[in-house]
Amino acid sequence: MSEITIRMRPNGPMVIEGPGLAEGQVKIFDHQGNLFTLPANKPVIALCRCGQSARKPFCDGAHKNCGFIAEEIAAPPAPPIA
């Protein structure tokens, strides 16, 4: 399986990327178990985090005009126990 990564863009969407998308290895379902149609042969998909997109769950750039602020930072790993 090709590596797929998910990253948060500062004040923007959650981005899923990797060759696995184009290979159909990623599936996104709604809360009822219905499958969303993903763009064919596209190695990047942006998911809305601001809640303002007209294309939910996909990002349409609405975060740029609604004042959405989110800059989560992953916690550093715990130091090894000596």
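Reader: Which residues does H63 touch, not counting residues up to four places away in sequence?
Author: Leaving out residues up to four places away in sequence, H63 touches N11, G12, P13, C50 and F68, where contact means heavy atoms within 4.5 Å. This is a predicted model, in which local features need pLDDT of at least 70 and side-chain atom pairs count only at pLDDT 80 or more, while totals for chains, interfaces and linings use all residues. Residues are numbered from 1 along each chain as its sequence is written, and side-chain values use heavy atoms, with hydrogens and water left out.

Reader: And is H63 buried or exposed?
Author: H63 counts as buried because its relative accessibility is 13%; buried means under 20% relative accessible area, exposed over 50%, and partly exposed in between, with a 1.4 Å probe and protein chains only. As for its place, H63 is in the segment after β3, which covers 44-47; strands are DSSP runs of E with at least two residues and helices are runs of H or I with at least four, numbered from the N terminus.

Reader: OK, what about E3, where does that one lie?
Author: E3 lies in the segment before β1, and with a relative accessible area of 63% E3 is exposed. Not counting residues up to four places away in sequence, E3 touches E17, G18 and P19, whereas F68 is 29 Å from E3 in space, C-alpha to C-alpha, and 65 residues from E3 in sequence.

Reader: Switching to the strands, what order do they have in the sheet?
Author: The sheet is open, has three strands in the order β1-β2-β3, and pairs in the antiparallel sense; two strands pair if DSSP finds at least two bridges between them. Its edge strands are β1 and β3, each of which pairs on one side only. From one strand to the next the twist averages 20°, with axes taken as lines fitted to C-alpha atoms, for helices over the stretch in contact, and angles running from 0 to 180 degrees between N-to-C directions.

Reader: How many bridges join β1 and β2?
Author: Four bridges join β1 (residues 5-8) to β2 (residues 14-17) in the antiparallel sense. Within this pairing, I16 is the bridge partner of I6, and T5 stands opposite E17. The hairpin has five residues between the strands, and in it N11 takes a positive phi near 55°.

Reader: Which backbone oxygen does the side chain of R49 reach at 3.0 Å?
Author: That is the backbone oxygen of R9. A polar atom of the R49 side chain also lies 2.9 Å from the backbone oxygen of G12. A polar contact is a pair of N or O atoms within 3.5 Å; within protein, one must be able to donate a hydrogen and the other to accept it, and residues adjacent in sequence count only if both atoms are side-chain atoms.

Reader: Last topic, what about aromatic rings, how many pairs does the count come to?
Author: The count comes to one aromatic pair. The ring centres of F36 and F58 are 5.9 Å apart and their planes stand at 85°, so the pair is edge-to-face; rings of Phe, Tyr and Trp (its six-membered ring) pair if their centres lie within 6.5 Å, and planes under 30 degrees apart count as stacked, over 60 as edge-to-face and the rest as tilted. F36 counts as partly exposed at 27% relative accessibility, while F58 counts as buried at 12%.
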